[in-house]
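Biologist: Shall we go through a few labels together? I'd like to hear what stands behind each one.

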Amino acid sequence: MKNSPGLLPSALRVFDFSFGQMLWSRRSVFLGLLVGAPVVIAVIVRMVAMTAGLPVINGAGLNGPTVFGLLIWVLFVRFVVPVLGVYYGTSLIADEVDDKTITYLFTRPVPRASILIGKFLAYLACVLLLVLPAVVVVYFLIVPIGGNIGQSFPQLAADLGMLVAGLTTYGALFAFVGAALKRPLIVGLVFAFGWESTVLVVPGYLKRLSVAYYLQALVPHSMPADSSISSLLSLFQETPPIWVSLAGLTAITVLGLWLGGRAVEKREYVLEQ
Amino acid sequence: MTAKTRYFVIVSLLVMTVGLGTGLVAYYVGFPATAFFNGDGPKELQYIPSTASVVAAVEVREIMASDLRQRLRQQFNGEEQDNHRREFQELTGINFETDIERIVAAFDSQSGAGDNALALARGVFDPVKIEALMREHGADVQEYKGTRLIVVASFDHKEFDPATAENVRRKAEMGLAFLEPGLVGFGSTTLVKHAIDLHTGGGSSAATNDELVAHIRSLEGGNAWVVGRVDALRERAQIPEVIANQIPPITWFSVRGHVDGGVQARITAEAKDDESANQLRDVVRGFLALAKLQTTSKPEFQRFVQSLQLGGTGKTVSLQVEVPAQVFDLLGAALPKLQQQ
């Protein structure tokens with residue numbers, strides 16, 4: 001009798017059929033809107049710049065690289081990345097349970113953990129293939145306004161790397177939440193928009209128990225200081241070195257996937273009749 | 001994978017590849033530079049010694065024609081400035097406002113005091129008239145490697161002598177030479193002669209100092225800039241250790257300014273390592289917060305303070321600032337009151 005395939009080949013097989021399914025699902029409409037909004041904003045900003053010029057706010061003249069940095073920070077880092085991580089990550093197993101199709105997956109001669117990993121890889125491919133091109137399009141629309149594409153290219157590369165790291169880490173973390181807990185979406189939203197926002201401003205070691213602490217250190221140049229309070233608060237924000245950030249994000253990803261895999265292996269999923 | 005999915009993946013990867021490829025090419029090749037920069041800094045760098053620790057440049061004609069300069073003339077006694085300009089023209093034959101296109105200056109910390117500054121002015125000059133005027137004021141004309149070198153009578157300056165630990169009077173000379181049509185070099189005779197050597201025989205100029213050129217390249221876009229090595233200046237200044245230890249460990253500094261209706265500037269410091277840069281960023285953030293708090297009741301300065309943006313990654317700390325013309329108006333209004341006091 002043949003041995004059942006290993007974890008990785010099984011995960012790749014699950015990825016193969018999940019990717020297309022995930023890409024053309026109803027959830028992707030939300031993903032499209034989320035990713036399309038910054039592109040639409042960029043088009044509007046470009047049209048305004050071409051006609052009336054960018055506004056001067058509080059004495060500071062805006063230019064393309066500044067607006068791009070703001071969009072990355074305010075839209076992507078603070079909103080799009082956590083929301084995608086929560087929305088997709090928590091649903092990797094939960095959707096199969098809700099649709100009552102998880103049984104079919106569990107009856108296959110593959111390790112159960114490979115289902116989670118394969119679906120995680122499909123989620124990653126989906127979001128990266130949508131988010132990263134959108135960021136590149138926004139970059140070419142916005143940065144040439146008073147800026148230089150070549151000069152700002154390192155910033156784009158850093159921002160893209162940060163987005164990849166953020167989507168991977170949030171996805172893995174919420175994949176575990178989705179696999180292990182009953183109300184994963186609520187827990188995920190509370191974590192992403194409650195816990196993470198709060199601990200970053202609390203002095204001490206608590207901030208190290210957040211993903212944003214490690215993620216923001218990858219792109220400190222994008223962090224706006226728009227008021228005296230945020231300037232003062234930023235004094236309390238210790239920024240870890242890049243290697244610590246990358247190590248932290250990698251550790252959270254690996255731990256999230258491992259714990260999620262264990263949860264899928266051990267937990268009994270009761271399908272509602 | 002269905003055909004639809006495959007096409008989506010291909011289109012997505014294509015957008016990313018084209019975008020990133022274009023960005024990468026633009027980064028390495030660069031887009032068309034201004035006349036000020038030919039991609040490797042101004043052409044005047046080839047006359048400056050490679051050991052120069054500070055290099056600065058100003059687009060004189062552009063700044064003289066700017067709105068800000070016209071405004072300042074009205075605010076700060078334009079008639080007196082015109083008198084100074086006329087005196088300079090009588091002394092040298094050069095009309096600062098119209099004849100000079102740009103000036104590139106250098107300070108070489110490895111040369112002795114009084115012997116370490118050089119300025120290269122590009123513009124429209126009448127060499128015969130300038131030489132005649134300077135001779136009238138006591139200058140000597142020498143011949144150096146086929147170039148006429150006008151040497152101003154020596155002048156005294158004080159220099160610290162490490163052997164005696166005292167300031168001693170030393171004599172130094174200033175020289176002026178027309179290095180090529182439309183380019184005049186003036187400064188210490190030693191450095192002017194060195195500029196002539198570099199022009200005739202080649203050698204190691206600032207244009208071959210890759211580190212310096214890389215820093216200068218990052219200043220493209222401004223009409224006035226300065227870049228320098230803080231560590232070299234610190235050694236030259238012989239600052240007491242107790243004070244030197246208080247100064248942040250900065251290796252390079254640069255300031256890029258653009259003068260038009262107001263002044264936009266970017267000040268950049270490169271620290272010794274990431275930790276020093278983080279500490280410096282923290283210090284600057286503190287000052288920015290303090291400044292913002294102090295100006296909450298002063299709307300006229302608030303706009304200026306709000307424009308301060310701290311940035312930089314790794315070993316680099318940068319501060320962007322925009323000084324609108326209104327700030328200069330306020331300074332102009334306040335200056336008579338200060339003078340009365």
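Modeller: Gladly! The expected span of a helix is 1.5 Å times one less than its number of residues. Helices here are DSSP runs of H or I with at least four residues, strands are runs of E with at least two, and both are numbered from the N terminus. This is a predicted model, where local features need pLDDT of at least 70, side-chain atom pairs count only at pLDDT 80 or more, and totals for chains, interfaces and linings use all residues. Residues are numbered from 1 along each chain as its sequence is written, while chains are lettered from A and ligands numbered from 1 in the order in which they are written.

Biologist: Thanks! What span does helix α6 of chain B reach, against what is expected?

Modeller: Helix α6(B), residues 189-201, has 13 residues and reaches 18 Å from first to last C-alpha, close to the expected 18 Å. Just after α6(B), G203(B) takes a positive phi of about 120°.

Biologist: Over to chain A. What makes α6(A) roughly antiparallel to α7(A)?

Modeller: Axes are lines fitted to C-alpha atoms, for helices over the stretch in contact, with angles from 0 to 180 degrees between N-to-C directions. Under 35 degrees is roughly parallel, over 145 roughly antiparallel, 65 to 115 roughly perpendicular, and the rest oblique. The axes of α6(A) (residues 112-142) and α7(A) (residues 149-180) come within 10 Å and cross at roughly 150°, which makes the pair roughly antiparallel. Among the contact residues are L124(A) and V131(A) of α6(A), with L160(A) and L167(A) of α7(A).

Biologist: How do the residues of that contact divide by type?

Modeller: Ala, Val, Leu, Ile, Met, Phe, Trp, Tyr, Cys and Pro count as nonpolar, Asp, Glu, Lys and Arg as charged, and the others, Gly among them, as polar. For α6(A) with α7(A), that gives 18 nonpolar, two polar and one charged.

Notes:
Contact = placed C-beta atoms within 7 Å.
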